[in-house]
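Here is a friendly briefing to read alongside the coordinates. Please keep your viewer open as you go.

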Amino acid sequence: RQALPDWLARYGIDCEFAASGTDHVFRDAAAFDEFGEEVRLLAEYGVGADRIDGAAYERQEPAVLPGVHGVIRFHGDASLRPDRYVAGLAHALLQRGGKIVERCEVGGLAEDGAAYRIASSSGEYRARDVLVATGAWSSPLAKTLGLAEEALGKALQPGKGYSITYDSPSLMPRHPLVLHERSVCVTAWGSGFRLGSTMEFSGYDSALNRRRLDALERGSREYLREPVGPAKREEWYGWR
């Protein structure tokens, strides 16, 4: 986190990075008190947080509805627009002579003497070294290399998270928010507004679950005066 601003500057990545902190908003007193133990433990590792009274927070954050009990602000947090961050990384790589093969699904890896063969939807590739850094897809790829199932297969499974991106509403939060009791994350950029979160364990199912998406908007309506933007730009899922 501390190195990220220098990293973005070095590679010229414009992704709306803002060192704004993150506010965990609570409407329930018991949930607020329970979270205090997590705050205490994080403080032991140098992760600082401030407690803000609900009435005081409502005065400083006009985007929230009345009824806030309290807020925990992690002032060391930051936000960025991840699609633009990844596009910036790709651009930096290409500028330095790298090559990216897009829309190419890797289906398997196999050792071939001192090299590897990579089976893909656009043909076969050969490489001396291969780095498997495919997140939730690492387990099935590892199995094609004959790695023991105990090493990855049982330890990794995808957790599906959802988000909805909108045009900016007229009244946006000043900081990224976690609407704690509903586990909904709210990010406001200059270029848009996003609701996200959830953790669905449904294997490699690639369908958008309408109930999950609706729950994001429903949760936002409990906390925000303008819970959604004027126009919806994207409904998305990703596998953690």
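Helices (H or I, at least four residues) and strands (E, at least two) are DSSP runs, numbered from the N terminus. By that scheme, glycine 70 belongs to strand β3, which covers residues 70-74. This is a predicted model, where local features need pLDDT of at least 70 and side-chain atom pairs count only at pLDDT 80 or more, while totals for chains, interfaces and linings use all residues. Residues are numbered from 1 along each chain as its sequence is written, and side-chain values use heavy atoms, with hydrogens and water left out.

- Contact means heavy atoms within 4.5 Å. Leaving aside neighbours within four places in sequence, glycine 70 is in contact with His24, Val25, Phe26, Phe32, Ile52, Asp53 and Gly54.

**Nonpolar cores**

- A nonpolar core is a set of buried Ala, Val, Leu, Ile, Met, Phe, Trp, Tyr and Cys residues joined through side-chain atoms within 4.5 Å.
- The largest such core has 19 residues, and those with the most contacts inside it are Val25, Tyr57, Leu177, Val186, Leu195 and Leu224.
- At least two residues of this core come from each of β7 (160-166), β8 (177-179), β9 (184-189), β10 (192-200) and α7 (210-221).
- Strand β7 gives the largest share of this core, three residues.
- Another core, of seven residues, lies apart from it and includes Ala31, Phe32, Val39 and Ile72.
- Valine 25 is in contact with Tyr57, Val68, Gly70, Val71, Leu177, Val178, Leu179, His180, Glu181 and Tyr223, leaving aside its neighbours within four places in sequence.

- Aspartate 23 sits in strand β1 (residues 22-26), and its relative accessibility of 0% is why it counts as buried.
- A polar contact is a pair of N or O atoms within 3.5 Å; within protein, one must be able to donate a hydrogen and the other to accept it, and residues adjacent in sequence count only if both atoms are side-chain atoms.
- The side chain of aspartate 23 makes such a contact with the side chain of tyrosine 57 at 2.8 Å.
- Which residue meets aspartate 23 in a salt bridge? The partner is arginine 73, at 2.7 Å, N to O; a salt bridge is a side-chain nitrogen of Lys or Arg within 4 Å of a carboxyl oxygen of Asp or Glu.
- Because aspartate 23 lies in strand β1 and arginine 73 in strand β3, the pair ties together parts that are 50 residues apart in sequence.
- Both aspartate 23 and arginine 73 are buried.

**Other salt bridges**

- The structure holds 20 salt bridges.
- Glutamate 44 and arginine 40 meet through their side chains in a salt bridge of 2.8 Å, N to O. They are four residues apart in helix α2 (residues 29-44), so about one helical turn separates them.
- Glutamate 44 is exposed, with a relative accessible area of 54%, whereas arginine 40 counts as partly exposed at 42% relative accessibility.
- The side chains of glutamate 235 and lysine 232 form a salt bridge of 3.1 Å, N to O.

- Serine 138 lies in helix α5 (residues 138-144) and counts as buried at 10% relative accessibility.
- The side chains of serine 138 and threonine 134 are joined by a polar contact of 3.2 Å.
- A polar atom of the serine 138 side chain also lies 2.9 Å from the backbone oxygen of glycine 135.
- Glutamate 111, in strand β4 (residues 106-112), counts as exposed at 57% relative accessibility.
- Not counting residues up to four places away in sequence, glutamate 111 touches Tyr116, Arg117 and Leu145.

Conventions
Buried means under 20% relative accessible area, exposed over 50%, partly exposed in between (1.4 Å probe, protein chains only).
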